[in-house]
Amino acid sequence: SFKNSLKETFFPDDPLRQFKNKTPSRKFFLGLQYFLPILEWGPRYTFQFLKSDLISGITIASLAIPQGISYAKLANLPPILGLYSSFIPPLIYAMMGSSRDLAVGTVAVASLLIGSMLGDEVNATENPALYLHLAFTATFFAGLLQASLGLLRLGFIVDFLSHATIVGFMGGAATVVILQQLKGILGLQHFTQSTDIISVLRSVFSQIHESKKRPKFFWISAMAPLTTVILGSLLVYLTHAEKHGVDVIGNLKKGLNPPSFGDFVFTSPYLTTAVKTGMITGIIALAEGIAVGRSFAMFKHYNIDGNKEMVAIGTMNIVGSCFSCYLTTGPFSRSAVNFNAGCKTAMSNVVMAIAVMFTLLFLTPLFHYTPLVVLSAIIISAMLGLIDYEAAIHLWKVDKFDFVVCMGAYIGVVFASVEVGLVIAVAISVLRLLLFVARPKTFVLGNLPNSTIYRSVEQYPTTNDVPGILILQIDAPIYFANSSYLRERISRWIDEEEDKLKSTGETSLQYVIFNMSAVGNIDTSGISMLEEVKKITDRRGLKLVLANPGAEVMKKLNKSKFIETIGKEWIYLTVGEAVEACNYKLHTCKPDATNEDSQPWNNV
């Protein structure tokens, strides 16, 4: 039983099934394929696949290069790190990832989080070297956490970030990112490091006089958001706008990723900041990457292994942090482009990485004249797609509580900070989970006319009451968290039923039947609750009857001697049989009679 419980908790997909009845050499190769899926699809790779992946890879590279530079600036990191992070991590993911459509790279939300959380401890302008080293260290710890969750089969932890939480958090983060770009759009020199909307707007309006003093070539900055990086760079180069107040990227270092494993910071007080930043950004990046991968896998009718994805994403961040990369995952915008371009396998990531490598080796000087306002425009255009107001409207229509979770995350991010918004969203989600557990549904069942079927009287108003019998359904496992509530609620149901019968002058209540079909498990507190309810019914001269308790519940009731207390003749396979037995008793003898010879069949 303990073995089965562990298996269901940590191995619900039964990943070891493929190793059964195989030779040791075959098991070894299957193990390699599990951790390196490229060994599985690589031998079947065709020229037709290559053509599709080549087009997809070049397409996403054209997006990854300007986005990478933009997001690195968002994280207050050197722009070249955005290109470094689009080279090595995609190669690692192509070997280890199970998604065919995920395009790996840096993401705006994680970049904003890194800039915000590390910026609270170290000023990126005053101490750029330490800030850079902390970013590498945070990425290392993020990868370590991600890979550990996958290896330990703890992927269900990420599920605590519900769909409503992610919608609200991403929308709030996108709003904050867009507001942050006002610095580049308006050409402001002194801008707040805070991410909340109040601080940003105060910073903008306090410097409104600066933005009115437009440089001679301000028209270039104004039209740059509508242009591509190439056109913006060309305009700056031809007009020498960088000499007239238009900020540009400047020199980008040529060459491939330099090693950075010697730059990790493991000393106090910065280690705590790096670990905290790595854990929070790692969870967010993991949730986004897996959600995006599953979305596109659903469109193409294949499955991805969440735990395997965690190991792949974690490994690419660990390796990337050793080679001057910061946090990467599978961004939605880039993956959507990859999907729409017709990618067939993860080889599109390899093509993208080769294109980035070519850029690092030969083309980085061309980005010298790229205006920062173009980078701001790129970020804004990418962020607008993350504000999913249609999903928020859908949440309002379907589930008001989910909408509250969504708006809690959004308001927390926009008006406080990214971290506060995340904490609020997770706290509300966990509160809802606790409410589900601590306040389970209980309802009265009635008989559908001309049948032996019993359903909720609220859902089916045409059901008939059974004279002298109260039928209750408990719609959740019975644990310590809800046992007190259930005891009080059941007592109230009995009081209400007795009052109703007295007011109508009908037959007095004689039997209380619990439909236990939905009670998947019970703990000792739950058993104590049933014993207390049994005493309450005995004092009132009522008989307690159980219908269809599950195997696990029966085993615990048997070991606790509760079955002996209630009497095995009062446990039945279905509600219909329990009602039939109670009706038989009502018409033949008193409800406390225990003549087993006259009992109909039961399941004990």
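This is a predicted model: local features need pLDDT of at least 70, side-chain atom pairs count only at pLDDT 80 or more; totals for chains, interfaces and linings use all residues.
Some housekeeping: residues count from 1 along each chain as its sequence is written, and side-chain values use heavy atoms, with hydrogens and water left out. Local features need pLDDT of at least 70 and side-chain atom pairs 80 or more, while totals for chains, interfaces and linings use all residues.

Okay, the sheet. It's open, with six strands in the order S2-S1-S3-S4-S5-S6 and mixed pairing. Strands here are DSSP E runs of at least two residues, helices H or I runs of at least four, numbered from the N terminus; pairing takes at least two DSSP bridges. S5 (residues 543-547) runs parallel to S6, joined by two bridges, and Leu546 stands opposite Ile571 in S6.

Next, Asp101. You'll find Asp101 in the loop between helix H6 (88-96) and helix H7 (108-119). Is it buried or exposed? Asp101 counts as buried because its relative accessibility is 0%, where buried means under 20% relative accessible area, using a 1.4 Å probe and protein chains only. Its side chain makes a 2.7 Å polar contact with that of Tyr302. That term means N or O atoms within 3.5 Å, one able to donate a hydrogen and the other to accept it; residues adjacent in sequence count only if both atoms are side-chain atoms.

Last, which helix gives the most to the lining of the largest cavity? That's H9, with four residues.

How values were computed:
Buried means under 20% relative accessible area, exposed over 50%, partly exposed in between (1.4 Å probe, protein chains only).
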